[in-house]
Amino acid sequence: MTDRTFDVVVVGAGAAGLSAALAFAREGFSTALVGEARAARDGRTVALLDGSVSFFEALGVWDAIAPEAAPLETMRLVDATDNLFRAPTVDFKAPEIDLDAFGWNVENATLVARLTEAVGETPGLTHIPVASEGLGGTQEVIAPGEEAGLGESGRRAVRLADGSVLLASLIVAADGRGSKLREDAGIRTRTWAYPQKALTTILAHERDHRDVSSEFHTRHGPFTLVPLPGRRSSLVWVTAPEKAEALAALDDAALARAVERQARSLLGGMRVEGPRGVVPMTGMSVARYTADRLALVGETAHVFPPIGAQGLNLGLRDVASLRDAAVARGTEDPGARAALSAYERSRALDVRTRTMGVDMLNRTLLAGILPADFLRGAGLHALSAVGPLRRLLMREGVTPTIGTPQLMRRREARAVAF
Ligand SMILES: Cc1cc2nc3c(=O)[nH]c(=O)nc-3n(C[C@H](O)[C@H](O)[C@H](O)COP(=O)(O)OP(=O)(O)OC[C@H]3O[C@@H](n4cnc5c(N)ncnc54)[C@H](O)[C@@H]3O)c2cc1C
């Protein structure tokens with residue numbers, strides 16, 4: 001059994017964990033990343049909003065990701081519910097808020113692969129591709145000069161499957177929705193499920209998407225086609241569970257026809273190009289984002305249904321906020337109580353408002369009742385007619401003014417603040 005000591009140990013090598021490891025190592029903290037980096041190719045893509053792109057630029061990894069990502073210049077919402085208060089189609093165009101694109105869409109597995117390469121090239125960052133078995137017990141918590149073991153000068157332990165133990169001033173739990181670290185820290189969760197599943201895949205199509213992401217709101221959930229490089233798009237089709245399973249069981253040609261029909265032939269004929277995934281629609285929130293010398297990031301801290309491209313963008317905001325909290329006081333100790341309290345405060349409102357927004361949108365679609373239809377229809381009417389309101393919503397959705405972490409600010413703003 002060997003013990004090794006780091007400033008920061010990140011557990012979980014998904015996109016959030018890889019980013020956290022890069023962010024801390026680039027600040028000069030000795031950092032270990034625990035876990036194998038392997039993301040299934042299941043048709044899942046992530047639309048990285050402007051702040052996330054700025055963050056990857058700041059980490060020096062965006063140039064490696066960009067060639068495999070497609071810009072999202074227009075976000076189109078189409079009411080396909082056949083309700084009485086049918087809303088107009090609303091186009092949100094990035095140039096209206098002085099952006100070239102709201103964000104960039106990339107396969108999750110590609111993103112993980114590029115981040116893993118960057119991790120391998122970063123000095124001061126040790127990647128240990130071994131599973132963690134959880135937090136060390138209290139007897140494994142080392143706190144020089146303190147009995148309780150979790151004091152300001154303390155370190156916390158992580159046990160690995162190979163029998164070794166790592167010690168760190170800060171442990172970043174990025175081990176995903178079923179996090180063992182979160183459980184070991186006694187952090188309570190609340191989970192909920194929607195009567196829906198999401199079918200994901202990648203399609204090639206006849207017509208150009210012209211950088212337009214189209215979201216059709218159907219009575220069973222949103223059906224979304226998001227641009228990828230070339231004449232390709234990723235599909236997230238949220239629908240009733242039995243329909244999602246039936247669609248997933250179709251052969252490629254029949255599935256392509258079903259997608260073309262649902263998309264009203266917007267992109268012409270289609271061909272299924274990638275593997276498929278079927279994802280249950282669930283949500284999870286946590287009672288706390290921190291414990292002694294432990295911070296939760298990404299899906300360890302919040303799970304959303306895949307609506308509105310929020311999940312990983314919020315996960316990256318967790319990472320960037322944690323980095324800000326750890327470096328803000330010029331402290332040598334990234335897991336100090338003051339840093340973790342600042343992180344806890346930064347997450348509470350941000351995560352709650354995003355969770356509620358996604359939940360409300362999904363539930364108004366599912367409700368199928370007149371007041372909900374009326375409110376959604378009226379809201380979209382207002383957005384289509386009132387430019388300033390539309391621009392305000394776009395700005396707050398893509399580049400929020402309040403609480404934007406340092407590395408998520410646009411390049412010019414970062415330069416001024418440094
Ligand atoms: C269909 C779909 C579409 C989506 N679209 C978008 C989008 O457009 N935009 C967006 O922002 N988000 C989107 N999301 C959400 C996004 O995919 C997730 O938020 C993101 O992938 C979560 O990353 P993560 O690193 O937090 O978690 P994960 O990817 O789950 O990573 C957790 C990692 O921890 C590892 N791990 C687990 N246990 C251990 C252990 N004991 N020891 C070591 N390692 C361990 C796992 O192997 C894994 O590598 C979408 C999600 C879905 C399902």
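**Chat about a ligand and the residues around it**

Trainee: Which residues come nearest to the ligand?

Mentor: Of the 26 residues around the ligand, Arg 44, Ala 47, Ser 132, Leu 312 and Asn 313 come nearest. A residue is near if one of its heavy atoms lies within 4 Å of the molecule. Keep in mind that this is a predicted model, where local features need pLDDT of at least 70, side-chain atom pairs count only at 80 or more, and totals for chains, interfaces and linings use all residues. Numbering runs from 1 along each chain as its sequence is written, and side-chain values use heavy atoms, with hydrogens and water left out.

Trainee: OK, and how far is Arg 44 from the ligand's oxygen atom?

Mentor: A polar side-chain atom of Arg 44 sits 2.8 Å from an oxygen atom of the ligand. For Ala 47, a polar backbone atom is 2.8 Å from a ligand oxygen. For Thr 45, a polar backbone atom is 3.2 Å from a ligand nitrogen.

Trainee: Which elements give two or more residues to the shell?

Mentor: Those are helix H1 (15-26), strand S3 (45-49) and helix H8 (311-328). Helices (H or I, at least four residues) and strands (E, at least two) are DSSP runs, numbered from the N terminus.

Trainee: New topic: what does Leu 111 touch?

Mentor: Leaving out residues up to four places away in sequence, Leu 111 touches Ala 15, Val 46, Leu 48, Phe 56, Ile 65, Val 106 and Leu 312. Contact here means heavy atoms within 4.5 Å.

Definitions and conventions:
Polar contact = N/O pair within 3.5 Å; in protein donor to acceptor, adjacent residues only side chain to side chain.
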